[in-house]
Amino acid sequence: LLLFCLCFLLVLHNEALASGRSEFCNNADAEAFGKKHTPSQSLDSSLGNSVESQYDSARQAKIFSARLARVVIPKACNSPAKVKEARRVAERGRKLLMSKQDSRALCLFNRALNLDLRCYPALVNRSVALSDLHRYDEAERDLLQAILLRSDNSEAFNNLGTIYEERDQNLDLARYCYERAVEQRPGNEVMPTNLFEFLLEQEDYNELLERSKVAVLRFASASSYDYYSTALWGTRRFDEALVAVEKGLKLFPVSKDLLARRCEISSAAFSFYLDEGAFLEKRKCFSQALQFYGKAIAVFPSDYRGYYYRGALLGRLDREYEAIRDLNIACRLAPDCSLIYEIRSFSRALTGQYAGAVADLTKSMRSRRSFVPLSTRSLAYSSMRDYDSAIKDLDEALTLSDKRTAISCLRWRSDAKWRAGDLVGAALDRVNAEYKQWNERAAWSQFSH
């Protein structure tokens with residue numbers, strides 16, 4: 001009879017358990033991301049971006065060729081001395097530009113170009129100064145001329161992509177320029193940075209994954225591992241992302257970016273595994289749900305939620321001893337969480353550990369007293385033959401019960417009073433319970449009629 005009553009309470013508590021889990025999911029503290037780029041949770045959007053970018057790439061090549069055709073190639077300087085002097089002045093301007101003296105640097109670049117209209121460094125660096133001064137049209141003109149002057153024009157393409165991106169006029173054209181810059185210098189480790197950042201902004205993780213994978217094999221730098229793991233994270237391949245981060249940290253153990261990325265990916269993976277496990281549990285795919293909860297525990301063994309979710313599910317599957325093991329760990333990690341003690345009390349009661357169940361239920365009611373833990377503790381007291389304590393709990397539970405649970409509560413109290421020797425009280429509670437049930441059936445019959 002006691003086992004039947006405990007099973008009945010478990011059914012009543014099922015809805016409260018589900019709501020408690022959703023509350024834990026909603027109120028879980030999310031890890032703050034170190035960079036401004038946060039991977040999207042939609043795989044379909046990433047795939048869609050990749051298909052769209054292939055189409056735009058071919059179209060933007062034609063648009064760029066049309067813009068390039070409108071640019072006039074400057075005349076060459078016939079004086080070697082002027083060419084040499086123009087390069088010297090351009091180098092002085094570059095140093096000023098690096099020290100953030102844009103206006104003074106711009107004067108030197110103008111002087112260099114007056115000496116030699118085809119001075120490539122002056123054109124490229126003057127575009128940077130003009131862009132800093134928000135004179136984008138002039139900067140674009142300089143870069144287009146620079147592209148026409150040299151076959152190795154990766155800096156010009158890279159800067160031109162930055163201008164298009166900053167102006168936010170044509171992002172596809174900016175991406176095309178970044179790709180051309182990488183094609184010009186495939187062996188340059190720094191050159192793909194702007195393209196990778198752009199792909200992160202556009203959340204095109206499939207394209208970023210392909211390009212960063214090549215960068216990892218070619219350069220094996222901390223930044224390439226950072227972008228590669230982020231792309232894997234964006235496509236929800238958390239296991240591979242964590243492996244990539246660990247490989248990068250073995251090569252670059254002091255990389256702050258990789259250390260921060262490992263924390264971010266671990267936090268995202270933990271939340272994802274918990275959500276997937278709860279979704280599969282709701283659909284009654286219990287074995288798969290247990291696997292996801294196990295992955296969550298492997299990612300963050302110091303977080304109690306993984307053990308709590310898995311322990312609660314093991315209890316539902318009648319694997320009580322395994323449930324108690326996980327819930328013991330959850331209690332140590334979160335000693336103030338009352339719901340964990342309440343869940344563990346059911347498993348302890350079902351395995352005959354009534355004293356432990358009473359202790360857990362007492363802890364679970366430190367902040368709030370409700371019907372389910374009170375009635376469950378009364379059954380544990382009855383199993384321990386402490387009928388006075390059981391009757392006391394049922395008296396309080398009866399004040400917190402509704403019409404449906406009041407009938408069960410009266411029957412349990414009748415049984416406890418009968419075992420305690422109070423036959424009159426037991427009879428009165430039994431009659432009251434049957435009367436309430438008869439009234440409920442009569443009201444339901446009248447409503448149905």
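Colleague: What share of the 449 residues of the protein chain counts as buried?
Modeller: This is a predicted model, and a residue is called buried when its relative accessible area is under 20%. Of the 449 residues in the protein chain, the share that counts as buried is 47%.

Colleague: How many helices and how many strands make up the secondary structure of the protein chain?
Modeller: One of the helices is H8, which covers residues 171-184 and reaches 20 Å from its first C-alpha to its last. Counted over the protein chain, the secondary structure comes to zero strands and 22 helices.

Colleague: Is Cys119 buried or exposed?
Modeller: Buried requires a relative accessible area under 20%. The relative accessibility of Cys119 is 1%, and therefore Cys119 counts as buried.

Colleague: Where is Glu203 found, and how exposed is Glu203?
Modeller: Glu203 has a positive phi, near 60°, and is a residue other than glycine. Most residues other than glycine have a negative phi. Glu203 is found in the loop between helix H9 (193-202) and helix H10 (205-218), and with a relative accessible area of 30% it is partly exposed.

Key
Residues are numbered from 1 along each chain as its sequence is written. This is a predicted model: local features need pLDDT of at least 70, side-chain atom pairs count only at pLDDT 80 or more; totals for chains, interfaces and linings use all residues. Side-chain values use heavy atoms; hydrogens and water are left out. Helices (H or I, at least four residues) and strands (E, at least two) are DSSP runs, numbered from the N terminus. The expected span of a helix is 1.5 Å times one less than its number of residues. Buried means under 20% relative accessible area, exposed over 50%, partly exposed in between (1.4 Å probe, protein chains only).
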